[in-house]
Each structure stands twice: as C-alpha cells, then as structure tokens.
Amino acid sequence: MAAHNNLDHAQDVGAAGRKKAHVIPFGVDERRFAPRAHPTRPECYPPAASGPVGLFVGRLVGYKGLDILLHAMVGTDLRVVIVGDGPIRQSIEHQIEELHLGDRVTLAGSVSDKELPGYYQSADYFVFPSTTPAEMFGISQIEAMSCALPVISTSLTTGVSEVGEPDVTCLVVPPNDVVALRTAMERLAADAALRTRMGEAARRRVEQRFTLTRMVDDHLELCQDLLRAQAARA
C-alpha cells in the first residue's frame, strides 16, 4: 500500500510539473536556410548525374546511428554525404572501407557556417538515424526542413519526434532498424515527386513553428506572462 501511495504521489508531482512547463522549440534563420533552385554544389558532392544524394549533418558520435546508416546502404545504389566530425570518425572510415562504400559515401568533415546552407540546398533528402534518447531534438532536422528537404528520422521518445510530421514532412523508422532505414532511403531516392511534396511541407512547417523570430517572440511572451502573474500575486 505504501508503494502504491508513493507511485500516486510521484504521478501527481509529474502532472503538476507538466502543467508548469512551457515548451518553446528551437528555431532557425529561415532566410539563411532556404531552398535554392540552383545552389552552389560543394566540390565533395557526387556529380548531379549520379543520382539523388542523402545528407547527414551532426557530430560523429555513437548515438547518431551512423553505423546503422552505413549498413543500410549495403547492396544499394544510395549515395550519402556525411557532414561533421567527432570521436568516432576513424571508426566510420574503417566501416566505409570494410563495407566497400568508398565510392558512395563522402565524409565531408567539418563545414563552416557560411558553407553549411549549400550542403543542405544541394542534397535531395536528409537522414537523421539517431538511436538513443541521448538525441534530444536535432537542430539539423529543422535546418534541413527549412531548405525544403524531406527527412528520414527515428521514432525516439524525445523532442526528435516533435519536429516533423510523419508521412507529411518526414518518414519515421524505428531506431537501430537497418532494413526500415534502407527502405525509407530507397523510397525517397526513387520518388522525386514525393521528395518535392514532403520538402515543401517541411519548409511550411518550419515557417509556422521553428523560426528564430518565433522562438524569440515566444520567450518574450513567456517573460511578460510571468511578470503579469507576479504582479497579480503582489
């Protein structure tokens, strides 16, 4: 009985905490991260004639799911550019060699802030294969969406799932599922009309929910609400 009462108390505290929470999502500069009809294609990108290119942007750390991404590419014609650096870069290089993916995976390394939008604008879709709740949100998702890229993300129980709208702006797959990720990548790579439709919806979602302006305005509104509430209690 005591354990049951403790559980009830914990649930009550959790519910009270949620009532006090006010969620303000991250935002991006939608003017900087914007779609371009004819972007300057980074030199490391595969030739445009070689087919659609998937893009990953982020730190090269274990929970990003890059090992799952590489295994998903085995036995396919998929091409991916990986932007970022981190502690598992050498491991990724070894995997690329072992899986014979050197002609289809480009490790671009760190990219300057100035160059970064061009990487999104030159890609055909974005891959976000994170595998654990250590991935809390993923700003790169909204940078990609702002550039009108459809996203493949994983069904994590964190803010990651709040970014896209399944089957509208993104395809969602289970984390650590090589086959599901491969299927989603091949689906987007093969269907230009689907990429366009989802990419346009992704851009609209950013404009409605994930801009820097909205993030700042929401913070200011929250501050004003708190000041009014404090004044009312005085």
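User: Hi! Cys-44 first: is this residue buried, exposed or partly exposed?
Analyst: Partly exposed, because its relative accessibility is 29%. Keep in mind that this is a predicted model.

User: And Cys-170, buried or exposed?
Analyst: Cys-170 counts as buried, because its relative accessibility of 3% is under the 20% cut-off.

User: How many disulfides does the structure hold?
Analyst: Zero disulfides.

User: Okay, changing topic. How many residues of helix H5 are buried?
Analyst: Seven of the eight, so H5, which spans residues 139-146, is mostly covered.

User: Which ones are they?
Analyst: The buried residues are Ser-140, Gln-141, Ile-142, Glu-143, Ala-144, Met-145 and Ser-146.

User: What do the buried residues of H5 pack against?
Analyst: Quite a list! There are three strands and three helices to look at: strands S1 (54-57), S4 (125-128) and S5 (151-154), along with helices H4 (116-122), H6 (160-163) and H8 (192-209).

User: Let's zoom in on Ser-140. Why is it called buried?
Analyst: Ser-140 has a relative accessible area of 9%, and buried means under 20%, so the label applies. This serine is found in helix H5.

User: What is Ser-140 in contact with, leaving aside neighbours within four places in sequence?
Analyst: Its contacts there are Val-57, Tyr-120, Phe-126 and Phe-128.

User: Back to the helices. At what angle do the axes of H5 and H8 cross?
Analyst: They cross at roughly 115°, and the two axes come within 7 Å. The crossing is left-handed.

User: Which residues make that contact?
Analyst: From H5, the contact uses Ile-142, Met-145 and Ser-146. H8 brings Gly-199, Ala-202, Arg-203, Arg-205 and Val-206.

User: What comes just after H5?
Analyst: Have a look at Ala-148, just after the helix: this alanine takes a positive phi of about 65°.

User: Last topic, confidence. What is the mean pLDDT of the protein chain?
Analyst: The mean is 87, and 82% of the residues reach 70 or more.

User: Where is the pLDDT below 50?
Analyst: Over residues 1-18. Beyond near neighbours in sequence, that stretch has zero contacts in the model.

Terms used: Residues are numbered from 1 along each chain as its sequence is written. This is a predicted model: local features need pLDDT of at least 70, side-chain atom pairs count only at pLDDT 80 or more; totals for chains, interfaces and linings use all residues. Side-chain values use heavy atoms; hydrogens and water are left out. A disulfide is a pair of cysteine sulfur atoms within 2.5 Å. Buried means under 20% relative accessible area, exposed over 50%, partly exposed in between (1.4 Å probe, protein chains only). Helices (H or I, at least four residues) and strands (E, at least two) are DSSP runs, numbered from the N terminus. Contact means heavy atoms within 4.5 Å. Axes are lines fitted to C-alpha atoms, for helices over the stretch in contact, and angles run from 0 to 180 degrees between N-to-C directions. A crossing is left-handed if the near helix is turned anticlockwise from the far one by less than a right angle, and right-handed if clockwise. pLDDT is the predictor's confidence in each residue, from 0 to 100.
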